[in-house]
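Please have a look at the model below, with its sequence alongside.

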Amino acid sequence: VQLQASGGGLVKPGGSLRLTCAASGGAFRVNAWRWYRQVPGKQRVMVAEITSGGTTEYGDSVSGRFTIAENKPEKTASLEMNSLKPEDTAVYYCFASGFYSGTTQVFDSWGQGTQVTVSS
């Protein structure tokens, strides 16, 4: 399964951005989508997760400002980011885990990063 992330860019503090991650590559089911972010010199950290059942989890630093959602028919996930702060500046990565339909073969896939810069 291949993931394609999009939607990053430059935004002023207090602004909003929406990231999208599209999955492709045969017949599969996604069990969980996650968004991570990473700044230079630091580890990649998870900011949001949504499971196939709709359960969501957020990192403390983004809770209440970010919203993760899934569009099952389109096999996409999004991250709506509001009230952005300079400390949200990072490369954002999407991740999906699941299995290929009709098989027991599982996958863990990463998208390429997309830069989000919050600056005045």
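The report below starts with the ground rules and then moves from the inside to the loops.

## Ground rules

Please keep in mind that this is a predicted model, in which local features need pLDDT of at least 70 and side-chain atom pairs count only at pLDDT 80 or more, while totals for chains, interfaces and linings use all residues. Residues are numbered from 1 along each chain as its sequence is written, and side-chain values use heavy atoms, with hydrogens and water left out.

Helices (H or I, at least four residues) and strands (E, at least two) are DSSP runs, numbered from the N terminus. Buried stands for under 20% relative accessible area, exposed for over 50%, and partly exposed for what lies in between (1.4 Å probe, protein chains only). Contact, or touching, means heavy atoms within 4.5 Å.

## The nonpolar core

Which of its 30 residues touch the most other members? They are Leu3, Trp33, Trp35, Leu79, Met81 and Tyr92. Two or more residues come from each of strand 1 (2-6), strand 3 (17-24), strand 4, strand 5 (45-51), strand 7 (66-71), strand 8, strand 9 (90-100) and strand 11 (114-118). Strand 9 is the top contributor to this core, with five residues.

Leucine 79 shows what such a position looks like up close. Setting aside residues up to four places away in sequence, leucine 79 touches Leu17, Arg18, Leu19, Trp35, Val47, Ala48, Phe66, Thr67, Ile68 and Tyr92.

## The disulfide

How many disulfides are there? Counting pairs of cysteine sulfur atoms within 2.5 Å, the answer is one. Cysteine 21 is joined to cysteine 94, with 2.1 Å from S to S. The link of cysteine 21 and cysteine 94 is right-handed, with 60° about the S-S bond. Since cysteine 21 belongs to strand 3 and cysteine 94 to strand 9, the pair ties together parts that are 73 residues apart in sequence. Both cysteine 21 and cysteine 94 are buried.

## The largest pocket

To find pockets, a 1 Å grid is laid over the protein atoms alone: a cavity is a set of points where a 1.4 Å probe fits but cannot get out, while a pocket is an open set with protein on both sides within 12 Å along at least five of seven lines, and lining residues have an atom within 4 Å of a point. Grid points are joined across faces, edges and corners, and a volume is the space filled by probe spheres set on the points.

The largest pocket holds about 160 Å³ of space. Its lining is made of Phe28, Arg29, Val30, Asn31, Trp33, Ser52, Glu70, Lys72, Lys75 and Phe99. Strand 4 (residues 28-38) supplies the largest share of that lining, five residues. By type, the lining has four nonpolar residues (Ala, Val, Leu, Ile, Met, Phe, Trp, Tyr, Cys and Pro), four charged (Asp, Glu, Lys and Arg) and two polar (the others, Gly among them).

## Beside the pocket and in the loops

Lysine 75, one of the lining residues, sits in the loop between strand 7 and strand 8. Lysine 75 counts as partly exposed, at 27% relative accessibility, and its phi is near 55°, a positive value in a residue other than glycine. Most residues other than glycine have a negative phi. Serine 83 also has a positive phi, near 50°; serine 83 is placed in the loop between strand 8 and strand 9 and is partly exposed, with a relative accessible area of 42%.

Threonine 76 belongs to strand 8 (residues 76-81) and is buried at 15% relative accessibility. Beyond residues up to four places away in sequence, threonine 76 touches Thr20, Cys21, Ala22, Trp33, Ala69, Glu70 and Asn71.

Technical notes
Core = buried A, V, L, I, M, F, W, Y, C linked by side-chain atoms within 4.5 Å.
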